[in-house]
Amino acid sequence: MGDVTDYLATLDGPEHDAVAHVLDRARALVPDVEEGRSYGMPALRYRGSPLLSVMVTKQHLGLYPFSPAVLEDLADHLAGFRTTKGSVSFQPGAPLPDDVVDAIVRARVAEIDARQK
């Protein structure tokens, strides 16, 4: 198993389902991701760089794409969700829409690809 799989195994209920759904979307879009850690969080990694992490906190779930630029570029898609420079907060009962997750993943992949050329 890997860091992400191990973390997911510690969750249950709606939190587990919401985190697993985001991770499944990312894996479907980027099948060659690897599990690892970034900034101390279990993360999916792409081409050696962190792609995203999804974590449960006391008050919400957080998606961390490791890129303030990605969140800035997708600000219109994130209306209605609390964002910080590096994260998007959501609730299990009000998850991020699939098209938003997909847009974040695709933007982060493009960013990583551009840096590695």
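In what sense do strand E3 and strand E4 pair, and over how many bridges?

Author: Happy to walk you through that part. This is a predicted model, in which local features need pLDDT of at least 70 and side-chain atom pairs count only at pLDDT 80 or more, while totals for chains, interfaces and linings use all residues. Residues are numbered from 1 along each chain as its sequence is written, and side-chain values use heavy atoms, with hydrogens and water left out.

Strand E3 (residues 49–56) and strand E4 (residues 61–64) pair in the antiparallel sense, over four bridges. Helices (H or I, at least four residues) and strands (E, at least two) are DSSP runs, numbered from the N terminus, and two strands pair if DSSP finds at least two bridges between them. Within this pairing, Val54 has Leu63 of E4 as its bridge partner.

Now for the sheet around them. Six strands form an open sheet, in the order E1-E2-E3-E4-E6-E5, with antiparallel pairing. Its edge strands are E1 (34–38) and E5 (82–83), each of which pairs on one side only.

Two helices come next. Helix H2 (residues 13–29) lies across E1, E2 (41–46), E3, E4 and E6 (88–90), and runs at about 165° to E3. Helix H4 (residues 98–115) also packs on the sheet, where it touches E2, E3 and E4, and its direction makes about 150° with that of E3. Here, contact means heavy atoms within 4.5 Å; axes are lines fitted to C-alpha atoms, for helices over the stretch in contact, and angles run from 0 to 180 degrees between N-to-C directions.

Val54 turns up again in the largest nonpolar core: of its 38 residues, Leu23, Leu51, Val54, Phe90 and Val105 touch the most other members. Such a core is a set of buried Ala, Val, Leu, Ile, Met, Phe, Trp, Tyr and Cys residues joined through side-chain atoms within 4.5 Å. For burial, under 20% relative accessible area is buried, over 50% is exposed, and in between is partly exposed (1.4 Å probe, protein chains only). H1 (3–9), H2, E2, E3, E4, H3 (68–73), E6 and H4 each supply at least two residues of this core, and H4 gives the largest share, seven residues. In soluble globular proteins, nonpolar side chains tend to be buried together.

Let's follow two residues into these contacts. Leaving aside residues up to four places away in sequence, Leu23 touches Val4, Leu8, Leu44, Leu52 and Val54. Ala26 counts as buried because its relative accessibility is 0%.

The loops deserve a glance too. Arg47, in the loop between E2 and E3, has a positive phi of about 50° although it is not a glycine. Arg47 is partly exposed, because its relative accessible area is 41%. Tyr39, in the loop between E1 and E2, has a phi near 50°, again a positive value in a residue other than glycine. Tyr39 counts as exposed, at 73% relative accessibility.

Finally, a search of the whole structure finds one aromatic pair. The rings of Tyr39 and Phe66 have centres 5.8 Å apart and planes at 15°, so the pair is stacked. Rings of Phe, Tyr and Trp (its six-membered ring) pair if their centres lie within 6.5 Å; planes under 30 degrees apart count as stacked, over 60 as edge-to-face and the rest as tilted. Because Phe66 lies in the loop between E4 and H3 and Tyr39 in the loop between E1 and E2, the pair ties together parts 27 residues apart in sequence.
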